[in-house]
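Here are my notes on this two-chain model, in numbered points. Please read them with the structure open.

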Amino acid sequence: MSKFGGSNNKKEVPSMTSSSLSDIVFMLLFFFMVTTQMRETENKVIVKIPEASEVVKLERKDLNSYINIGTPIKSLQAMYGTEARIQLNDSFKTTDDIRDFIAAERESKSEQDRQFMTTSIRADQDVRMGIITDVKQELRRCSALKIMYSARKGGK
Amino acid sequence: MNTSSTADIAFLLLCYFLMTTTMGSQTGLSRRLPPMPDKDQKVEDQKVNRRNIIQVKINSADRILAGSEPIDISQLKDKIKEFLTNPMNDPNLPEKEVQDIEGFGEYPVSKGIISLQNDRGTSYQAYIAVQNELVKAVNELRDDFSRKNYSKVFSQLTEEQQGIVKKAVPQFISEAEPKDVGRRR
């Protein structure tokens, strides 16, 4: 019974219990897992989204397909130049490829969701309208009529 | 079991998710493109009463023309509001049609259409800025209407009431057929 009492009892400071730490971190982890979404594609164009004050939120993120338009990123400028390009999924495309892209997107959604599909045009603020007009005309031809001009909320 | 490493593992996972995911929700201006026109139908549409259409044009230097006069972007909203409300019943501004709105009653709904036209050289930023002003004009009119009839702003109304307001103050923004003004960039 020398464990208890006795004069040789050292006053030991109990070490901090770190068992709750993992719980806290796991909670943080779950928070991030729920609130964020996976980045699907790597951006190959520089997109600085213009500001607008009357933006609305996207209702269904999963029914959204993105068309990125902008100048290629620095490391790709040697290959593709600085002219504004269209990026669909993971590669540079031309307006002719939009038809296939939309068809593929449509195919991947369920039947009753197809009518709610939205195409989000994420274009750099310095892009000229010519290329966007081409994209819009192509979208009209594919009858993907619901579009969204991406813009971020900026106070005015 | 020694649990001190669980925290490290969880931290690693956390870092992984922080790197691979994106947070911010997608926002933007929602629009509906007109379907591709049929060849015969197009001509008839052009004959819509001239007073009901306001042409907003943006040229390649991002200057704005509303109706027939050049205008600054800061004045565009008021111009559009005046166009849509037509407070003096000016014969040059759009006519109103008394419509029976379900759940509200009769209300003179403006038949005004905003037609937006841009050049191929217009910058996207200017285009969005103009779109934004147009939406803002409509939103403010909707707010006015809601405040007058329900003494609340539009965003605080119930869905049903919002539907009524949307019918009373419709948002007709047509993105005209693009005009090719030379292929210069």
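Predicted model: local features only at pLDDT ≥ 70, side-chain atom pairs only at ≥ 80, totals over all residues.

1. Setting aside neighbours within four places in sequence, Ser60(B) contacts Asp119(B), Gly121(B) and Thr122(B). Ser60(B) sits in the loop between E3 and E4 of chain B.

2. E3(B), residues 53-58, and E4(B), residues 64-66, are antiparallel and share 3 bridges. Ile58(B) faces Ile64(B) of E4(B) across the pair. Helix H3 of chain B, residues 73-85, packs on the sheet and touches E3, E4, E5 and E8 (113-118) of chain B. The direction of H3(B) makes about 15 degrees with that of E4(B). Helix H4 of chain B, residues 124-150, lies across E3, E4, E8 and E9 of chain B. H4(B) runs at about 155 degrees to E3(B).

3. Now the sheet as a whole. It is open, has 5 strands in the order E5-E4-E3-E8-E9 (chain B), and its pairing is mixed. Which strands stand at the edges? They are E5 (69-71) and E9 (173-175) of chain B. Each has a single partner strand, so one side of each lacks a neighbour in the sheet. Neighbouring strands here are turned by 30 degrees against each other on average, ignoring direction.

4. Chain B overall: 5 helices and 9 strands. From the N terminus the elements run α-β-β-α-β-β-β-α-β-β-β-α-α-β. Of its 185 residues, 24% are buried. Among chain B contacts with a separation of 6 or more, 63% join residues 24 or more positions apart.

5. Chain A overall: 4 helices and 10 strands. Along the sequence the pattern is α-β-β-β-β-β-α-β-β-α-β-α-β-β. Buried residues account for 26% of its 156 residues. Among chain A contacts with a separation of 6 or more, 77% are between residues 24 or more positions apart.

6. Ile98(A), Ile102(A) and Glu105(A) are buried. Why do these residues share one side of H3(A)? They cover an arc of only 60 degrees around the axis, which puts them on the same side. Asp100(A), Ala103(A), Ala104(A), Glu107(A) and Ser108(A) are exposed on the other side. The buried residues of H3(A) pack against strand E5 (64-72) and helix H4 (129-141) of chain A.

7. Look next at strand E9 of chain A, residues 146-150. Buried residues make up 4 of its 5, so E9(A) is largely enclosed by the rest of the structure. E9(A) runs parallel to E8(A), residues 118-123, with 3 bridges between them. Ile121(A) stands opposite Tyr149(A) in E9(A). E8(A), H4(A) and E9(A) form a right-handed β-α-β unit.

8. E9(A) also reaches across to the other chain. It pairs with strand E2 of chain B, residues 27-32, in the antiparallel sense over 5 bridges. There, Lys146(A) has Arg32(B) as its bridge partner. How many residues of each chain are in contact with the other? The counts are 42 in chain B and 51 in chain A. On the chain B side, H1 (4-20), E1 (21-22), E2 and H4 each supply at least two residues. H1(B) gives the most, with 10 residues.

9. Finally, the core. The largest nonpolar core has 52 residues. Ile69(A), Ile121(A), Ile132(A) and Val130(B) have the most contacts inside it. H4(B) supplies the largest share of this core, 11 residues. Beyond four places in sequence, Ile69(A) touches residues including Val45(A), Ala84(A), Ile86(A), Ile121(A) and Ile132(A). In soluble globular proteins, nonpolar side chains tend to be buried together.

Terms used. Residues numbered from 1 in each chain as written. Chains lettered and ligands numbered in written order. Buried ≥ 20, exposed ≤ 12 C-beta atoms within 10 Å, placed from the backbone. Arc of directions from axis to C-beta. Contact = placed C-beta atoms within 7 Å. Pairing = 2+ DSSP bridges. Axes fitted to C-alpha atoms, helices over the stretch in contact; angles between N-to-C directions. Core = buried A, V, L, I, M, F, W, Y, C linked by C-beta atoms within 7 Å. Right-handed = clockwise from strand over helix to strand, strands pointing away.
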